[in-house]
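Subject: Structure handover

Hello,

Here is the structure for you to pick up. My notes come after it.

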Amino acid sequence: MLRNTAIHIQSGNHISVGDNKPKELPNGGELRCLRRTDLVKALANDLPWDTIQFGKQVISIEEDPITSYPILHLQDGSVVKAKIVIGCDGVNSIIATILGLNSTKLSPTCVVRGFSYFQNGHDYGSKYHLLSNVNDRVKLGIVPVTHKLIYWFVTRKWNSQDLKISRDRMLIKESTVELLKNFPQETVELIRNSDLESLHLTDLRYRSPWDVLKTNFRKGTVTVAGDAMHAMGPFLAQAGSASLEDAVVLARCLGEKIQNKPMKGTRVKEMVEEGLDQYLKKRKMRVFWLCLQTFLTGTVIQPSSLPMKFLSIFLLIILFRDPNQHTRYDCGNS
């Protein structure tokens, strides 16, 4: 189903602005750029119609003194008595805070994202393109979604004006066009013709690899998944994939513990907790290595001291001899 919403990216290239000599980029396996809305719809279509409720933000959790199950207090004043809580509420996760996790760290890099639509089709084919200006530490990524739709992103250093710019989409577009004035004209036009409503400027946050390694991600029947557990920079482009892996492993671990098994009272809670522990055991080292490789890659790419860059390069060579091995991970066999 999802394959019908996005074309298969066959290859990619990297161009340094001013050099204009394309360098082929490796393409490990099947690569498609999915719109978040298409993914959410595909997942939601298999659920009962009243399963999902929107606009329900958690502000606090307490433990039921009788059952020890979590009680959620929502922003709209409503209360939910839950058997299991899986916090998938992103880098600023309330659930993660309640579990006692350290706050995510702020990266020196920010990203502008958007879509550009071409009524008569674009000329990028089925290749993704990465253009960079080494002097300004600016990167532009161009990824076809369909033969008429392009997803693009620009990474650059965060500055004091970005908080104001991020609140005004026209300012986002104008500042990005100005930033790319030395890039090829067709890429500047790509940004200029983008859908204004699709534009977002955000800072990048991450959870340090050692926090992932040492943290207990469960309290009773409450745990986290996705960015709430393992927020990472975009340098490996694996955060979304890792979140889907979380969902697969979590469902399997819980299913093996509680599906078709007659249980009552505290025994149900014990089995759920065992299932969550099994999920976290299977996921912790996988996401630790992803976070570590992403962190080291980001240190090399982003502004940092020369000793840190050299140390990161050394560790990448020693620990990640095959830099694309993470793309061949199969969560169905973990």
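The model is predicted. Its chain has a mean pLDDT of 90, and 97% of the residues reach 70 or more. Confidence is lowest in strand β2 (residues 23-25), with a mean of 82, and highest in β13, with 96.

The largest nonpolar core has 37 residues. Those that touch the most other members are Val 85, Ile 95, Leu 99, Phe 217, Val 224, Met 229 and Tyr 279. Two or more residues each come from β4 (70-74), α2 (94-98), β13 (222-224), α7 (227-230), α8 (239-258) and α9 (266-301). The largest share is that of α9, with 10 residues.

Leaving aside residues up to four places away in sequence, Leu 99 touches Phe 217, Arg 218, Lys 219, Val 222, Thr 223 and Val 224. There is also a second, separate core of 21 residues; among its members are Ile 15, Ile 150, Trp 152 and Phe 183.

On the strands: β3, β4 and β5 form, in that order, an open sheet of 3 strands with antiparallel pairing. Both β3 (58-63) and β5 (79-81) are edge strands with a single partner strand each, so one side of each has no neighbour in the sheet. On average, neighbouring strands here are turned by 20° against each other, direction ignored. The antiparallel pairing of β4 with β5 runs over 3 bridges. His 73 has Val 79 in β5 as its bridge partner.

Regards

Methods
Residues are numbered from 1 along each chain as its sequence is written. This is a predicted model: local features need pLDDT of at least 70, side-chain atom pairs count only at pLDDT 80 or more; totals for chains, interfaces and linings use all residues. Side-chain values use heavy atoms; hydrogens and water are left out. A nonpolar core is a set of buried Ala, Val, Leu, Ile, Met, Phe, Trp, Tyr and Cys residues joined through side-chain atoms within 4.5 Å. Buried means under 20% relative accessible area, exposed over 50%, partly exposed in between (1.4 Å probe, protein chains only). Helices (H or I, at least four residues) and strands (E, at least two) are DSSP runs, numbered from the N terminus. Contact means heavy atoms within 4.5 Å. pLDDT is the predictor's confidence in each residue, from 0 to 100. Two strands pair if DSSP finds at least two bridges between them. Axes are lines fitted to C-alpha atoms, for helices over the stretch in contact, and angles run from 0 to 180 degrees between N-to-C directions.
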